[in-house]
Amino acid sequence: MSVAIKRALLRAVAVPFPSGGGRCCTAAVAQAESVQLSKEASLYVHWPYCLRRCSYCNFNKYIPKADNGSVMADCLQRETETLLRLSQVSRITSVFFGGGTPSLAHPSTIARVLETISRHASLPEGAEVTIEVNPTPVGRSRLKEFHQAGVNRFSIGVQSLRDEDLKLLGRDHDSQHALQTLAEARRLCPGRVSVDVMFGRPRQTLGSWERELSELLSVCDDHVSLYQLTVERGTGLFKQVELGQLTLPAEEVMAAMYHSARTLLLRHDFHQYEVSNFARGNAVSRHNLNYWKGRQYIGVGPGAHGRFAPLGEGGAVREARVQTLEPDFWIQEVQHRGHATRKRIPLATPLGLLEEVLAMGLRLTEGITHQHWQVFSPEAELYKVFGTFPDVENLLLNGHLILDDRGLRCSWDGLALLDSMLPTLLLALESYMDR
Amino acid sequence: MSLSQLKQGCKTPLLRRMLEFKVYKRKIQGYNVTRTTLRHRWIKRLPVFSSGVQTISTQSDKDAIDLSKFPVERIRNFSIIAHIDHGKSTLADRLLEITGAIVKTERNKQVLDKLQVEQERGITVKAQTASVFYTHQGQQYLLNLIDTPGHVDFSYEVSRSISACQGVLLIVDANQGIQAQTVANFYLAFEAQLTIIPVINKIDLKNADPERVEAQIEKVFDIPREECIRISAKLGTNVERVLQEIVERLPPPTASRDDSFKALVFDSDFSHYRGVVANVAVFGGQVRKGDRIVSAYLGKSYEVNELGLLRPHEHPTDRLYAGQVGYMVAGMKDVKEAQIGDTLYHQQHPVDALPGFKPAKAMVFAGIYPMDQSEYTGLRSAIDKLTLNDSSVTVQKDSSLALGAGWRLGFLGLLHMEVFNQRLEQEYNANVVVTAPTVPYKAEHGSEEITIVNPAQFPDRSVVSQYLEPMVNGTILAPDSYIGKIMTLCLNRRATQENMVYIDDHRVMMKYIFPLNEIVVDFYDLLKSMSSGYASFDYENAGYQAADLIKMDILLNGKSVEELTMIVHRQRAYNVGKAMCERLKDSIPRQMFEIAVQAAIGSKVIARETIKPFRKNVLAKCYGGDITRKMKLLKRQAEGKKKMRRIGNIDVPKDAFINVLKRTEK
């Protein structure tokens with residue numbers, strides 16, 4: 001990675017609303033980054049199994065029928081290998097083990113996947129390697145081995161510090177377990193532990209949420225992800241809400257919870273760098289930043305998504321790729337042909353790619369810098385595309401959106417309303433590209 | 001929610017609610033109502049000989065019918081009139097069976113009601129004629145049953161049919177007694193000076209109380225109770241007696257075979273193969289195949305190609321004689337050539353034209369738009385075809401910024417509108433948005449008078465000496481325990497009470513004058529629900545009255561929404577405006593800023609609702625695996641946004657307009 005880019009990245013990461021460089025030199029930097037772009041990727045590994053189903057989760061996960069840990073390990077290794085070769089990337093910038101419950105995987109599986117990566121591409125020393133951990137006694141007991149296998153960042157699904165709520169959410173841990181796991185993780189990877197916490201839970205009030213978050217802030221490390229509970233169709237929770245057995249906080253209360261959390265976190269020196277992510281100092285998630293910055297990523301494992309430009313076939317057209325969802329079929333396909341890519345959708349260039357760069361980039365508090373935009377859109381700069389579209393002008397005028405020398409981004413209030421603005425911005429982009 | 005679901009969802013209640021809604025107008029008419037599909041599906045008939053009944057109605061004697069054997073003295077022309085569900089069609093089925101016109105089977109249900117809409121709703125939309133032979137005291141009679149629609153909106157059909165009759169059977173349910181429509185039907189027949197035979201039907205019902213109903217008939221219609229015939233059309237009880245009474249009590253037609261040929265066209269059908277098939281009542285002389293006849297209206301002459309009886313299928317004969325009723329095909333190629341109410345005569349023997357019918361006036365207007373503009377052409381052709389069969393519908397092109405290009409159609413009444421829309425859907429598979437109905441207002445300035453159908457044409461107060469609104473005479477029959485509630489409802493609808501009489505110990509008949517506008521949307525539903533279904537309602541037009549009308553605008557953040565502008569009575573402006581604002585509030589999605597929904601008269605705001613802005617609208621988790629799904633959703637929203645109507649800086653989905661403009665089901 002060039003020094004300039006590294007610096008740019010560091011700056012982007014360190015300051016919530018960084019001041020951009022001069023526009024004349026951004027072009028050169030952007031070009032360099034663009035070249036780099038196709039050679040690098042991050043890598044996501046999906047572990048599909050859970051011990052139980054959480055009442056709010058509609059994610060791709062399975063309760064394992066039998067211990068097939070070693071088959072899974074073989075196949076994850078095999079698919080990693082195949083996809084790395086297909087993608088032709090020379091460097092993996094970060095790895096993330098998600099799920100499911102990846103902390104159920106044997107640490108040796110993690111080690112083997114990481115070794116495979118190193119064998120087929122460079123995985124720089126110190127590159128971020130994260131695993132999601134369920135804060136159960138079993139999860140905690142494995143932290144050390146995960147660390148030894150090469151994991152250097154833990155993301156812990158604390159969700160709540162209220163035991164009755166954990167029960168309601170169908171979690172298999174209690175607050176004590178969470179605190180112990182958190183402490184152990186911090187001991188192993190100080191400054192590189194994240195906690196997930198959920199607000200907008202049934203019966204939660206603004207006051208109780210603020211107290212809980214304060215408690216959490218007194219014990220957590222330098223990274224917090226906070227999510228509003230979304231009740232998805234087909235979940236146990238959905239049914240209970242539907243039947244009126246549970247009531248969720250009103251929309252206004254939800255908004256107030258989000259707002260107060262942002263304020264509280266800021267007061268504790270956590271800067272918000274994305275809609276749901278907060279970091280102290282330099283502790284941002286490099287891996288997740290990659291998604292929001294529109295960079296390549298490879299998805300390995302059942303149902304994993306990837307976005308990269310595969311080998312050959314008319315050069316570097318980036319594809320959205322999805323692996324086979326169901327673990328048993330996924331295993332069969334990987335054993336049969338080395339990978340289980342089920343769907344490949346070429347992203348239309350440049351519109352399709354730019355749409356994703358826009359929608360994902362604006363989730364960041366720094367938004368889309370001119371330089372970042374130029375990497376993907378060398379010809380049409382942000383001002384040209386968005387500056388004169390009447391509906392976007394309205395957004396700029398009422399202060400929800402900012403377009404200035406640094407780039408395009410949401411204001412503090414605007415970030416909470418991003419999804420109301422994106423359709424307008426996408427129309428502006430489409431209308432520009434049509435010209 | 002998809003629009004087709006929406007339409008689906010509202011169909012049933014929409015139909016139900018209309019079943020008893022009927023208006024009648026006296027002697028208005030002149031439509032070319034023609035149909036091509038009627039009368040082609042009659043069950044093949046076999047000779048039926050039942051005791052006491054002799055019939056010559058068989059296929060084999062088809063050519064043997066010699067109508068000259070039926071002088072006027074042995075002809076009776078009659079209609080059956082009744083409130084909905086009192087058993088008109090069942091009695092018709094029985095009469096046809098007993099006289100052998102149709103085979104007696106279990107399937108004979110509403111055999112004269114052929115349209116899908118008629119069968120489904122249990123109503124008659126289109127008049128039918130059936131000639132039967134009946135032997136009474138050794139004499140064979142020709143009885144012509146001219147089936148009439150039982151509903152007010154179709155009273156143009158009723159009065160046409162009645163013009164060819166000398167008497168009616170007035171059916172009253174032995175349990176329900178006199179209902180609003182019974183009253184309307186009675187007066188229609190009474191004013192046409194027809195002989196009325198009251199028939200009390202459904203005496204087999206457990207709760208039948210024929211004595212009470214006879215008393216009601218005596219009190220309300222001044223017909224001696226002894227004249228009522230108690231029957232059960234369902235079981236056939238006493239139906240034979242109805243036939244005897246028809247012969248004995250009804251007068252024969254006053255027509256003479258010795259006069260010159262003169263016939264009234266009282267209905268017509270249109271067939272693509274044969275052109276116009278006219279239903280005629282012969283008022284004098286005779287006509288036969290090959291005669292040259294003239295239409296008094298157009299002065300054009302035609303050759304009679306075919307004529308005969310409707311039994312109820314077409315049964316060709318040689319001639320038709322004075323007093324008889326039948327069909328005629330005479331080479332008329334255009335529906336407009338067969339004017340309903342026209343007089344036909346022999347080319348060599350001109351006669352004075354019969355009085356004929358006045359054209360009906362559309363009293364209820366509604367916008368009809370294709371669900372999707374791509375369906376415009378298809379819908380246009382469907383409307384063209386339907387209006388060919390029902391020229392009482394007026395058609396005007398219209399367009400709405402929200403709903404696109406469409407039409408403003410005028411109907412005789414609400415049921416007429418419902419039936420038309422149902423036929424559009426059923427027979428032409430059209431997918432339409434129907435806006436809430438409005439009525440034609442008028443504005444006067446000096447001697448000038450203009451009719452205002454569209455609020456956009458509403459002239460300013462300053463150039464108008466007065467505004468006028470259409471009025472109706474409404475009749476409500478209900479148990480007396482609901483009097484208070486009904487009076488309050490009517491008062492709220494700006495109605496004036498004319499009178500109120502007890503028709504028996506517990507039931508009252510109330511007469512009101514209503515502004516038509518007050519009853520076209522939800523009046524009948526409210527009346528039904530507040531009376532647990534016991535009240536019945538009927539109305540007839542009662543001219544125009546001066547009214548304090550104003551134009552009301554609907555504003556979104558101060559910007560007027562043109563397509564929602566409406567004409568209201570000053571007294572009702574607040575309620576209507578408030579309701580509009582509430583419906584809009586529920587239909588416009590929240591946006592990033594607050595939206596004020598206001599109803600205003602001139603610059604004065606009279607009602608307001610506020611749509612609160614979003615305080616948070618952003619997906620919480622959006623990582624590598626979420627991008628595809630999120631992008632799909634965003635793209636869909638962006639596409640949807642393109643189709644929205646922009647008012648100021650507010651995006652209003654088409655659905656919102658549909659929700660506000662379309663008729664409600666409640």
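**A helix and the sheet beside it**

Mentor: Helix H9 of chain B, residues 414-428, lies across strands S18 (364-370), S20 and S21 of chain B, and it runs at about 20° to S18(B). Such angles lie between N-to-C directions on a scale from 0 to 180 degrees, with axes fitted as lines to C-alpha atoms, for helices over the stretch in contact, where contact means heavy atoms within 4.5 Å. Helices (H or I, at least four residues) and strands (E, at least two) are DSSP runs numbered from the N terminus. Please keep in mind that this is a predicted model, in which local features need pLDDT of at least 70 and side-chain atom pairs count only at pLDDT 80 or more, while totals for chains, interfaces and linings use all residues. Residues are numbered from 1 along each chain as its sequence is written, chains are lettered from A and ligands numbered from 1 in the order in which they are written, and side-chain values use heavy atoms, leaving out hydrogens and water.

Turning to the sheet, four strands of chain B form an open, antiparallel arrangement in the order S19-S20-S18-S21, two strands being paired if DSSP finds at least two bridges between them. Strands S19 (394-400) and S21 (432-434) of chain B each have a single partner strand, so they stand at the edges, with one side of each left without a neighbour in the sheet. From one strand to the next, the twist averages 30°.

Thr394(B), for instance, has Gly410(B) as its bridge partner in S20(B).
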